[in-house]
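Take a look at the sequence and the model, then follow the questions below.

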Amino acid sequence: MTQEITFWVLAVIAVLGALVAVRRRNLIHGVFALMIFFAALSGLFLLLLAEFIAAVQILVYIGAVGILLLFAIMLTERVTGDDARDITSRGSFWGWAAALAVLVFLLLPAIQSADLAQTAQPHIPSVKALGHKLMEPYVVTLEVLALLLTAALIGAVAASQGGEKTKEDSDDA
Amino acid sequence: MSFELIKDILIATVPLLVIFPSLFAFTTWMERKALARIQNRIGPNKTGIPCTRIGLFGLGQPAADGIKMIFKEDIVPRGADRLFHLLAPILALIPAMLILCFLPLEFPWGKFMSAPVQAFLLDSAVIFFFAISGLTTLAIFMAGWASRNKYSLLGGMRAVAQMVSYEIPLVLSAVVVVMMVGSLNAKEIADAQTGFNWFVFTPWGLAAFVIFFIAALAETNRSPFDLPEAESEIIAGYFTEYSGFKFALFFLGEYIAMFAISGLAVTLFLGAGDGPFLTSAPWLSVVWFIVKIFGLIAVMIWLRGTLPRLRVDQLMAFAWKFLLPISIFNILLAGLSHFALDARVAATSDAILYSIHAPHTHSGAVNHAPPKLVAGQKEAVMGALHYTDKNWVGAMEWFFKAALKGHVQSRSILAWWFGIWAMGLTVLYVMAKGLDNVSRSEVKPREYLYAE
């Protein structure tokens with residue numbers, strides 16, 4: 001009973017957060033609404049006893065992606081959009097149609113055919129199991145990902161340094 | 001929702017909601033007094049019991065401050081985003097309060113009632129702690145942005161950059177402890193350190209503790225990392241436009257975050273509730289915990305009174321070029337030395353056990369004659385057993401006894417132990433020295449545009 005109440009509260013918060021994030025003209029408000037959505041999602045993960053995923057949801061999506069979005073928005077002009085203007089455009093019908101099609105033809109059949117447990121699994125130390133999985137069968141994947149991310153990091157540093165400085169540039173500076 | 005559940009929730013959370021805000025009031029008084037003494041002043045000494053002349057060393061000051069804050073006018077700038085201006089101080093307080101739940105505080109009344117000892121017992125408590133404490137950044141950004149003030153926005157952006165940078169060494173220094181215990185559970189980390197097996201007493205733990213403490217100072221915007229609220233540069237940073245109770249909420253949130261992050265430092269490195277006299281009085285563990293937190297807070301106050309503020313480029317260079325490499329290196333060192341010592345003790349204890357049992361097993365007279373022990377062998381075996389229990393202090397004590405009795409292999413283990421200590425500290429020191437030379441940010445002296 002308690003779980004059901006919690007689920008519905010979190011679900012309503014998540015849907016409302018997502019709606020506000022899409023509908024608001026004010027970008028900063030939109031980002032914070034998106035974060036509310038992420039937080040509610042993390043609560044739903046916690047309800048499924050997937051605590052590590054819940055923590056990572058907060059750490060990565062709110063802590064990192066959210067801050068990144070804020071930084072990106074601060075670099076744009078007209079951050080606080082015009083709230084009065086209507087956000088729907090002429091192509092909105094096709095947007096609705098595409099979204100409905102994805103729901104009916106892709107998501108619903110997948111949900112119905114999948115063999116889902118009705119209740120959450122009894123408590124097992126999920127973090128430890130995840131760690132063993134990462135270190136034993138998926139270690140190569142993990143290492144490749146780490147290499148990729150390191151390459152991306154070095155690439156970002158190189159890109160932010162700009163091209164090689166010519167002699168004229170350094171004379172100017 | 002049953003009554004039992006509500007009762008359990010209240011028993012677990014109300015102490016946190018009562019104890020830490022009241023400690024906050026005491027801490028503000030302590031900070032004022034300490035700073036005043038450092039600056040050769042007296043500090044608050046008049047405010048005591050109202051309508052009398054009893055001063056009580058100024059202990060009434062926090063209450064007077066609180067009353068003043070509540071009745072002060074709440075000013076919202078005209079161009080401000082009213083909703084976010086209101087939400088920011090609340091959002092600053094919530095994560096700080098929430099992370100207190102992850103600390104392994106064992107309140108004594110938890111044993112008499114059917115309540116959990118810890119408010120929120122999770123397998124991944126440590127990672128949750130870091131995840132939620134990162135949300136404070138958002139509140140600060142919100143405050144800076146909603147005030148529609150240049151100084152606020154500057155402070156907010158500074159805070160975001162600083163907190164995002166210092167979160168990385170903070171987490172990486174905690175990784176060492178997580179590696180040693182093999183768990184992210186705060187309770188298990190606390191249990192692993194009972195009997196003075198604190199992680200500060202290992203070279204990697206000591207280094208990680210220092211890194212953690214520095215990064216924690218930056219995370220809580222304490223001096224010398226108080227750039228987001230640098231009074232001499234940007235008025236009060238992100239809370240320039242805040243007054244009255246909203247300002248008080250920010251203040252409260254900042255101090256609760258200080259308590260929480262010191263609490264995590266205590267849990268990870270300083271043995272959580274471990275301390276003397278615990279066998280006769282187990283309720284002392286919560287007292288030791290809070291005493292240790294106050295020790296760390298006292299150091300923070302002391303640093304605030306003595307260190308000047310960093311420049312922005314120094315701040316960034318220190319995080320990325322010094323703390324980050326040294327914490328990664330520390331993880332490597334911890335892994336290497338720990339597993340080297342592990343392998344050494346395992347090999348030695350195997351050899352000892354073999355030398356005790358082997359001559360008797362093949363003759364078929366195992367139980368008849370007790371095996372003759374070479375001097376110190378019994379102690380060495382006890383040490384090895386303690387070592388496998390992760391009771392390093394006890395293990396070293398037994399090995400030391402064995403070595404005193406002339407047991408050679410125990411001597412070699414002790415030599416390894418001291419060797420690892422010396423090597424670890426030397427390597428870390430050399431690394432720090434080298435990084436210090438490299439990581440200093442190069443700033444050319446400003447060219448004067450106007451002739452004197």
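Q: How many Å separate the centres of domain 1 and domain 2 of chain B?
A: This is a predicted model, in which local features need pLDDT of at least 70, side-chain atom pairs count only at pLDDT 80 or more, and totals for chains, interfaces and linings use all residues. Residues are numbered from 1 along each chain as its sequence is written, while chains are lettered from A and ligands numbered from 1 in the order in which they are written. Chain B is divided into domain 1 (77-310) and domain 2 (335-358 + 369-439), with bounds that come from an automatic or database domain assignment. Taken over C-alpha atoms, the distance between the two centres is 35 Å.

Q: Which helix gives the largest share of the side of domain 1 of chain B that touches domain 2 of chain B?
A: Nine residues of domain 1 of chain B are in contact with twelve residues of domain 2 of chain B, where contact means that the C-beta atoms, placed from the backbone, lie within 7 Å. At least two residues each on the domain 1 side come from α6 and α8 (203-219) of chain B; helices (H or I, at least four residues) and strands (E, at least two) are DSSP runs, numbered from the N terminus. The largest share, three residues, is that of α8(B).

Q: How many residues on that domain 1 side are nonpolar?
A: Here Ala, Val, Leu, Ile, Met, Phe, Trp, Tyr, Cys and Pro count as nonpolar, Asp, Glu, Lys and Arg as charged, and the others, Gly among them, as polar. The side of domain 1 of chain B that touches domain 2 of chain B has two polar and no charged residues, and its nonpolar residues number seven.

Q: Is α4(B) largely enclosed or exposed?
A: The buried residues of α4(B) include Phe128(B), Phe129(B) and Phe130(B). They pack against α3 (51-74) of chain A together with α3 (82-100), α5, α6, α7 (186-191) and α10 of chain B. Because nine of the nine residues of α4(B) are buried, the rest of the structure leaves this helix largely enclosed.

Q: Which elements of chain B give two or more residues to the side that touches chain A?
A: In this interface, 19 residues of chain B are in contact with 16 residues of chain A. The chain B side has 15 nonpolar, three polar and one charged residues. The elements asked for are α4 (125-133), α5 (135-146) and α6 (150-181) of chain B.

Q: Is Asn221(B) buried or exposed?
A: Asn221(B) sits in the loop between α8 and α9 of chain B, and its phi is near 55°, a positive value in a residue other than glycine. Most residues other than glycine have a negative phi, and most peptide bonds are trans. With 24 other C-beta atoms within 10 Å, Asn221(B) is buried.

Q: Which peptide bond is cis, with omega near 5°?
A: Its proline, Pro224(B), is found in the loop between α8 and α9 (231-234) of chain B. The cis bond runs from Ser223(B) to Pro224(B).

Conventions:
Contact = placed C-beta atoms within 7 Å. Buried ≥ 20, exposed ≤ 12 C-beta atoms within 10 Å, placed from the backbone.
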